[in-house]
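Reader: Please take a close look at one part for me. I would like to understand the salt bridges, starting from a single side chain.

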Amino acid sequence: NNFFIRNAVFAFLIEPKPKVSEHEKLLLKSEYGVSDKKIILYFGQINQTKNLKLLIDSFLLISDKIHETVLIIAGANSSGYAAELKKYVLKYSIISKKIKIFVDLTETEKSKLYSIADIFVNPSENESYCIAAIEAIAYGLPVVLCDIPQLSDLIENNKTGVFFEKNDINSLKNSITRLLNE
């Protein structure tokens, strides 16, 4: 008798991660130059299919209303797309200092970023399964994901996170803003 376990993940990904104290969180935030800021985190592959320009455009709208926010985009840069993203961010001089891009991080650095983040966002419309969202949930972060069938069982909408409408900048902006204000 064979059976299929849909979207199986390693147990270590879903074990709750230890919370850092507020003091440790402040020290880590200062290490990354984001003291006293709310942090929106994307972690995953940095490539064109992840819809990161939509996230940046959405952040432009958010940072106008919630001034003390920072967007951190972090992950593997195997395609070299991070350089293009950095150029894209520079177009928005008003927020370019509020967007940080980190590539090819160690597990320790990744853990630090999850520990200091306030929310996790994955704007991708092309996911088979979002392991980074599972990791974020393990760190106790609320999650914003694109409302596509492949991700529908990752979060309980409006409880452990929220879904935004596919390729809709206002829906993404509203989802992020809502979680930042909770």
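Author: Start with Lys37. It is partly exposed, with a relative accessible area of 26%. Keep in mind that this is a predicted model. Why does 26% count as partly exposed? Buried would mean under 20% and exposed over 50%, so a value in between is partly exposed.

Now look for the partner. The side chain of Lys37 meets that of Glu68 in a salt bridge, with N and O 3.0 Å apart. Glu68 sits in the loop between α3 and β2, while Lys37 sits in the loop between α2 and β1, so the pair ties together parts that are 31 residues apart in sequence. Glu68 is partly exposed too, at 42% relative accessible area.

Move on to Lys53. This side chain forms a salt bridge with Glu84, and the closest N and O atoms are 3.0 Å apart. Here the link runs between helices: Lys53 belongs to helix α3 and Glu84 to helix α4 (residues 81-90), 31 residues apart. Check the accessibility of each partner. Lys53 has 25% and counts as partly exposed. Glu84, at 37%, is partly exposed as well.

Next comes Glu31. Its salt-bridge partner is Lys112, with the closest N and O atoms 3.0 Å apart. Glu31 is in helix α2 (residues 22-31) and Lys112 in helix α5 (residues 107-116), so this pair ties together parts that are 81 residues apart in sequence. Glu31 is partly exposed, with a relative accessible area of 49%. Lys112 is partly exposed at 24%.

Salt bridges can also join up. Glu107, Lys110 and Glu135 are linked in a network of them. How many salt bridges are there by this rule? The count comes to 6.

Finally, turn to the nonpolar core. The largest one has 60 residues, and Ile56, Ile73 and Phe120 are among those that touch the most other members. Helix α3 (residues 52-65) gives this core its largest share, 6 residues. Helix α3 also holds Lys53, the partner of Glu84. Leaving out residues up to four places away in sequence, its contacts include Leu41, Tyr42, Phe43, Cys130, Ala136 and Val144. Tyr114 is another residue that Phe120 touches. Tyr114 is also listed with Phe120 among the core residues that touch the most other members.

Terms used: Residues numbered from 1 in each chain as written. Predicted model: local features only at pLDDT ≥ 70, side-chain atom pairs only at ≥ 80, totals over all residues. Heavy atoms only, no water. Core = buried A, V, L, I, M, F, W, Y, C linked by side-chain atoms within 4.5 Å. Buried < 20%, exposed > 50% of the residue type's maximum accessible area, 1.4 Å probe, protein only. Helix = DSSP H or I, 4+ residues; strand = E, 2+ residues; numbered from the N terminus. Contact = heavy atoms within 4.5 Å. Salt bridge = Lys/Arg side-chain N within 4 Å of Asp/Glu carboxyl O.
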